[in-house]
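Here are some friendly notes to read alongside the model. Take the points in order, and keep the 3D view open as you go.

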Amino acid sequence: DHLNCHSQFDRYLREYASQDRILFHRSHISECVYGEVLRNETPFKEDEVSLLNAIIAKRFVCILAEPPQFESFNERMRLRSNRPRITELVYDDIIQRFRATMASVPHIAYISSSLNALSETRDRLLSVLTQTSAIQR
């Protein structure tokens, strides 16, 4: 129900604060990185990023899932036809920005061998989270 939020900050703050378990395909970190690279702006103020980072560091396990190489990333972008194609230089910038941004948040680094491997890992993680949630209820 993020469409009812006044800002991206409100959206992520509400999601992070109200959920026991969340699996975000794109978190506020993605919004920052892609916003800076693709639109030359981020939807957050510096103090908002700090607060959101502190919340996820305290409450969640964060995983930085990287594609194995530029060609794999470009293939993913091609499959999402509404996304603009990027150069290898921009790809390198995106990866470095994610790594730099995630440095302040405890996380697990994961480099997928393929889009299928990433999807399978996401599905396994969802399965484990769902089972754990059912057991704790």
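1. Ile29, Ser30, Val33, Tyr34, Glu36 and Val37 in helix H2 meet Val90, Asp93, Ile94, Arg97, Phe98, Thr101 and Met102 in helix H5. Contact here means heavy atoms within 4.5 Å. Helices (H or I, at least four residues) and strands (E, at least two) are DSSP runs, numbered from the N terminus.

2. A word on the source: this is a predicted model, in which local features need pLDDT of at least 70 and side-chain atom pairs count only at pLDDT 80 or more, while totals for chains, interfaces and linings use all residues. Residues are numbered from 1 along each chain as its sequence is written, and side-chain values use heavy atoms, with hydrogens and water left out.

3. How do the two helices lie against each other? Two packed helices are described by the angle between their axes and the distance between the axes. For H2 (residues 28-39) and H5 (residues 88-102), the axes come within 10 Å and cross at roughly 145°. Axes are lines fitted to C-alpha atoms, for helices over the stretch in contact, and angles run from 0 to 180 degrees between N-to-C directions. The H2 and H5 crossing is right-handed; a crossing is called left-handed if the near helix is turned anticlockwise from the far one by less than a right angle, and right-handed if clockwise.

4. Which residues of H2 are buried? They are His28, Ile29, Ser30, Glu31, Cys32, Val33, Tyr34 and Gly35. Buried means under 20% relative accessible area, exposed over 50%, and partly exposed in between (1.4 Å probe, protein chains only). These buried residues pack against H1, H3, helix H4 (70-79) and H5. Just after H2, you will find Asn40 with a positive phi of about 60°.

5. Leaving aside residues up to four places away in sequence, Arg97 touches Val33, Glu36 and Val37.

6. Now the charged pairs. A salt bridge is a side-chain nitrogen of Lys or Arg within 4 Å of a carboxyl oxygen of Asp or Glu, and by this rule the count comes to 4. One of them joins the side chains of Arg97 and Glu36 (2.7 Å, N to O). That pair links distant parts of the chain, with Arg97 in helix H5 and Glu36 in helix H2, 61 residues apart. Glu36 is partly exposed, at a relative accessible area of 32%.

7. Arg97 also forms a salt bridge with Asp93, where the closest N and O atoms are 3.0 Å apart. Why are Arg97 and Asp93 separated by about one helical turn? Because they are 4 residues apart in helix H5. Asp93 counts as partly exposed, at 29% relative accessibility. Salt bridges that share partners join Glu36, Asp93 and Arg97 into one network.

8. Another salt bridge brings together the side chains of Glu31 and Arg11 (3.9 Å, N to O). This pair, too, links distant parts of the chain: Glu31 is in helix H2 and Arg11 in helix H1 (residues 8-18), 20 residues apart. Are these two residues buried or exposed? Glu31 is buried, with a relative accessible area of 10%, and Arg11 counts as buried at 15%.

9. On the surface, look for Val61, Ile63 and Ile108, which form a nonpolar patch with about 290 Å² of accessible area together. Patches are made of residues with over 30% relative accessible area and no salt bridge; like charges are joined within 9 Å, nonpolar side chains (Val, Leu, Ile, Met, Phe, Trp, Tyr) within 5 Å. Val61 lies in the loop between helix H3 (46-59) and strand S1 (62-66), and is exposed, with a relative accessible area of 66%.

10. Finally, the whole chain. There are 6 helices and 2 strands, running α-α-α-β-α-α-β-α from the N terminus on. Of the 137 residues, 31% count as buried. Among contacts with a separation of 6 or more, 63% come from residues 24 or more positions apart. The chain exposes about 9000 Å², of which carbon and sulfur atoms supply 52%; accessible areas come from the Shrake-Rupley method with a 1.4 Å probe, and for residues only the protein chains shown count as cover.
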